[in-house]
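Dear colleague,

Please find the structure below, together with its sequence.

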Amino acid sequence: MAESPAPGTAIARCHCGGVEAVAAFPSRFCAHCYCWSCRTSHAAGVVTWIGFRREQVRFTRGEELLRAYESSRGTIRRFCSVCGTRFTFESSHGNWAGEVHLPLALFVTPVDREPSVNSFPDERPDWAPFHELPG
């Protein structure tokens, strides 16, 4: 059965389905991140994030399953304690304060934008794919 989120929203879900969030549009950005911290915490060459103001994201299932890890001072990454899916990035620093960033791959319904930025491309290892962006 197809997902039917409320108009102007999208649904993100962890691998086991225990944690679910609804994000309200508009999103603030969608970016491929090549930084060492994102790559190692996700065990991936690149992580694609979509960012929202904190008040635009609401957990509809399983928030109690999330565990937090302070990956650097003032930066919290949350993950599902059942399946290990990385779910949020939240930082108290600069432009990211007051935001929740969710991995684009967790969305089971369409979002309002495609990736348009490459963040920290200078940290990309040679073996990791690079995403050329239009414009």
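Which residues have the most contacts inside the largest nonpolar core? They are Val19, Phe52, Val57, Phe87, Leu102 and Phe107, in a core of 18 residues. A nonpolar core is here a set of buried Ala, Val, Leu, Ile, Met, Phe, Trp, Tyr and Cys residues joined through side-chain atoms within 4.5 Å; buried means under 20% relative accessible area, exposed over 50% and partly exposed in between, with a 1.4 Å probe and protein chains only.

This is a predicted model, in which local features need pLDDT of at least 70 and side-chain atom pairs count only at pLDDT 80 or more, while totals for chains, interfaces and linings use all residues. Residues are numbered from 1 along each chain as its sequence is written, and side-chain values use heavy atoms, with hydrogens and water left out.

Beyond its neighbours within four places in sequence, Phe52 is in contact (heavy atoms within 4.5 Å) with residues including Ala23, Pro26, Val57, Leu102 and Phe107. A separate core of six residues includes Cys35, Cys38, Val47 and Phe89.

Five aromatic pairs were counted. Rings of Phe, Tyr and Trp (its six-membered ring) pair if their centres lie within 6.5 Å; planes under 30 degrees apart are stacked, over 60 edge-to-face and the rest tilted. The rings of Phe59 and Phe87 have centres 5.8 Å apart and planes at 45°, so this pair is tilted. The pair joins distant parts of the chain, with Phe59 in strand 5 (residues 57-61) and Phe87 in strand 8 (residues 86-91), 28 residues apart. Phe59 is buried at 18% relative accessible area, and Phe87 is buried at 0%.

For Phe89 and Trp96, the centres are 5.4 Å apart and the planes at 85°, so the pair is edge-to-face. Phe89 is buried at 7% relative accessibility, whereas Trp96 is partly exposed at 33%.

Finally, Thr85 lies in the loop between strand 7 (75-80) and strand 8 and is buried, at 13% relative accessibility. A polar atom of the Thr85 side chain is 3.1 Å from the backbone nitrogen of His15.

Yours sincerely

Notes:
Helix = DSSP H or I, 4+ residues; strand = E, 2+ residues; numbered from the N terminus. Polar contact = N/O pair within 3.5 Å; in protein donor to acceptor, adjacent residues only side chain to side chain.
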